[in-house]
Amino acid sequence: MTTSLTPHTVQRLAMVRFLFDQGVGLARRAEPLSAPAVNHFQDAVEMFLRLAADHLKVNLPNHTPFAEFWTKLEPALPGPLPSKNAMDRMNRLRVAFKHHGTVPSSTAIEQSRADATTFLIDATTLVFGVDFERVDMIDLVTRRATVDRLRAAQAHADAKDIGAGLAGLADAFTDLVDHYGSSGLPELSGPLHLGPRIEEPPRRKYDGEWAFLKPYDRGLKAISAMQETLQVLAAGVDHYEYARFKALTPEVLRRTSHMNRRGIVSPFHESRSVEDYEFCYRFVISTALQMAEADRVMDLMPERREYKSRAVEQRHEYNPRKVALPLPPQPPAPDS
């Protein structure tokens with residue numbers, strides 16, 4: 001199919017890719033933590049099939065059995081929908097796990113990953129005329145500054161400059177943390193604000209008159225690392241994926257009064273694989289989606305900032321109501 005895709009279709013296809021990649025991440029975990037991967041693979045495939053039906057204008061009942069998608073969609077396709085037997089096998093594995101508590105083995109999970117991969121690659125080309133592996137989850141990210149940084153990083157990676165691409169991803173991640181951890185008055189700070197930003201101290205030799213600074217600088221480094229880690233954990237980001245991301249990406253020196261933000265790219269970063277880069281790319285997108293939960297709090301900040309400014313300007317008329325706490329069980333009757 002070569003029909004052009006609407007933005008809504010592209011976004012839904014990106015969500016299929018997101019669910020699938022989450023399943024791949026779970027599948028890498030040790031047993032039994034890897035078991036939920038089969039749910040993600042099934043959800044990704046079923047979301048794809050629903051999207052395919054909408055794209056092909058095939059009306060399906062709300063509770064269409066999984067196996068019937070193939071027979072109902074194939075008349076609208078130029079060829080047979082692939083991997084029916086493999087998807088039936090994956091569905092049985094998911095039913096056994098979800099409804100009967102049978103934990104799948106690592107071999108069965110790996111088989112499901114391979115089957116789902118084959119289906120999504122072949123079916124995406126058949127139905128939508130695009131390469132599933134090129135479906136970009138960036139379409140799920142709503143924050144423009146993050147999208148711009150991700151696209152710039154991808155442009156360098158496409159030009160075979162993996163080191164610069166990883167630096168760009170590290171910059172996108174740092175910018176996310178800084179945005180949602182922005183400082184201000186307590187009621188005007190970002191939802192991930194954990195006090196003033198503690199920067200790592202500059203590198204220096206600890207000899208002579210500088211020797212006394214060594215334990216102080218070590219403390220600053222520890223606090224700086226803990227501050228970002230706590231922000232990431234508060235956003236619900238997986239700690240071990242965060243640790244892998246930090247191990248793979250260059251250090252980012254934040255902007256100062258005399259220096260723009262920059263990444264320190266070493267030969268280690270230059271030698272990373274495309275797979276390493278793709279993991280980091282997906283991690284930044286996943287983090288952006290997680291942190292976007294805080295947008296509901298961020299949306300309140302302009303109004304609160306305006307209210308605070310107005311209260312300061314009109315401080316003589318500003319007379320907040322004081323409510324005695326704890327509140328009584330029943331509110332007093334209104335004045336008649």
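These questions and answers walk through a predicted model of one protein chain.

Reader: How many helices and strands does the protein chain have?
Author: The protein chain is 336 residues long, and 39% of them count as buried. Its secondary structure includes two strands. The number of helices is 13.

Reader: What share of the contacts between residues at least 6 apart in sequence joins residues at least 24 apart?
Author: Start with contacts in the protein chain between residues at least 6 apart in sequence. Then keep those that join residues at least 24 apart. Their share is 68%.

Reader: Are helix 6 and helix 11 roughly parallel or roughly antiparallel to each other?
Author: Helix 6 covers residues 144–158, and helix 11 covers residues 274–291. Their axes lie 11 Å apart, at an angle of about 175°. Angles over 145 degrees count as roughly antiparallel. Helix 6 and helix 11 are therefore roughly antiparallel.

Reader: Which residues in helix 11 does helix 6 meet?
Author: Helix 6 brings Thr-146, Leu-150, Ala-153, Gln-154 and Ala-157 to the meeting. On the helix 11 side are Tyr-277, Tyr-281, Val-284, Ile-285 and Ala-288.

Reader: Where is Leu-194, and what is its relative accessible area?
Author: Leu-194 sits in the loop between helix 7 (162–180) and helix 8 (214–234). Leu-194 is partly exposed, because its relative accessible area is 44%.

Key:
Residues numbered from 1 in each chain as written. Predicted model: local features only at pLDDT ≥ 70, side-chain atom pairs only at ≥ 80, totals over all residues. Heavy atoms only, no water. Helix = DSSP H or I, 4+ residues; strand = E, 2+ residues; numbered from the N terminus. Buried < 20%, exposed > 50% of the residue type's maximum accessible area, 1.4 Å probe, protein only. Axes fitted to C-alpha atoms, helices over the stretch in contact; angles between N-to-C directions. Parallel < 35°, antiparallel > 145°, perpendicular 65-115°, else oblique. Contact = heavy atoms within 4.5 Å.
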